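Open your viewer and get ready to select residues one by one. This short tour tells you where to click and what to look for.

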Amino acid sequence: MVMRLADFDLNLLLAFEALLAERSVTRAARRLGIGQPATSAALARLRVLLNDRLFLRAPDGMRPTPRAVEIAPGIAAALAELRRTLAPVARFDPAVTTRRFALASTDYTSLVLLPAVAAAMARAAPEARLQVLGYAKDDVPALLAGGTLDAALGVFPDPPGSAVATPLFAETFVGVARAAHPAVVDGAMSLPAFCTAAHVLVTTRRDRVGEIDAVLAAQGRARRIALTVPHMLALLAVVAQSDLVGTVPARVAARLAPAMGLAVFRLPVAVATWRVTMLWPAAARDDQAAAWFRGVVRAAAALEATLPDQSGGTATQPVPLRE
């Protein structure tokens, strides 16, 4: 008889395992939780399929034949692997995890969210490691698809199809200038003064155009970009010691302008709010550790549910936090 894998079922392999361990049909049946006739039938089936007696009667019990000894390690390994595969997934416990979490973040999202994220992780997962990485937006799809990142924070108007986008909160721009800047009057700057002033622009794409420029162009106006920098902190430091002005997210101004002696003013053009989003790989949907980490980020973002306005107050801007 030609042995075919399709002729076997899992119960035959379990019977072989029990017979090898117990060296008795009676004890093997007890181990398997079935009757002795069923165990004897399984042994008979195995003998036919493998064309060998497999177990012979002996004074001290049933003794395996050389063929049984030969195949025993392979069967044991196969059953062990199957048990590992089918075992319930251990529930993720942040209190004991040593996992490294990788988060791509800009200087802005790091300033706004990282303090709360780091504090929450220190409390709940003291042995976990968090790596925050800078990024170019064009690289994010490949980083997420390659499993390099657990999440990426930023503004992603066209997220890749392989990623899930979770909205975090709304944001808007405000203007900043040095304290006592002559063009800032009662927390505002006129449109002509705004266009005439020398501006600092934050850009990581080596261009000289921002969202404000598109709004001005629609009105037939333009501003003068005197300096471009890749870092928002550099913009604030330059503005604090010059007559240059800049535009920054409202949350940055709320956190840093008072300490740096900067005046915050309402922009003289209407700029739409924009959404800060968390991108994460769809393949990680069932990863308990990654899901927990995303929850930490969402909880930090929930603290930002109110949007600072340009006069120091707050305006509620609820954003649903869901995956």
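Start with D186. Is D186 buried or exposed? D186 is exposed, because its relative accessible area is 73% and anything over 50% counts as exposed. Keep in mind that you are looking at a predicted model.

Now show the secondary structure around D186. D186 sits in the loop that links β7 (173-178) and α7 (191-196). Check its backbone too. Phi of D186 is positive, about 55°, and D186 is not a glycine.

Next, select N51. Where is N51 found? Look in the loop between α3 (36-50) and β1 (55-58). What is the phi of N51 near? It is near 55°, a positive value, and N51 is a residue other than glycine. N51 has a relative accessible area of 67%, so N51 is exposed, the cut-off being over 50%.

Last stop: S24. Find α1 (10-22) and α2 (25-32), then select S24 in the loop between them. Is S24 buried or exposed? S24 counts as buried, because its relative accessibility is 13% and the limit for buried is under 20%.

Stay on S24 and display its side chain. Which backbone atom lies 3.3 Å from a polar atom of that S24 side chain? It is the backbone nitrogen of T26. S24 is in contact with both L19 and M62, leaving aside its neighbours within four places in sequence.

Terms used. Residues are numbered from 1 along each chain as its sequence is written. This is a predicted model: local features need pLDDT of at least 70, side-chain atom pairs count only at pLDDT 80 or more; totals for chains, interfaces and linings use all residues. Side-chain values use heavy atoms; hydrogens and water are left out. Helices (H or I, at least four residues) and strands (E, at least two) are DSSP runs, numbered from the N terminus. Buried means under 20% relative accessible area, exposed over 50%, partly exposed in between (1.4 Å probe, protein chains only). A polar contact is a pair of N or O atoms within 3.5 Å; within protein, one must be able to donate a hydrogen and the other to accept it, and residues adjacent in sequence count only if both atoms are side-chain atoms. Contact means heavy atoms within 4.5 Å.
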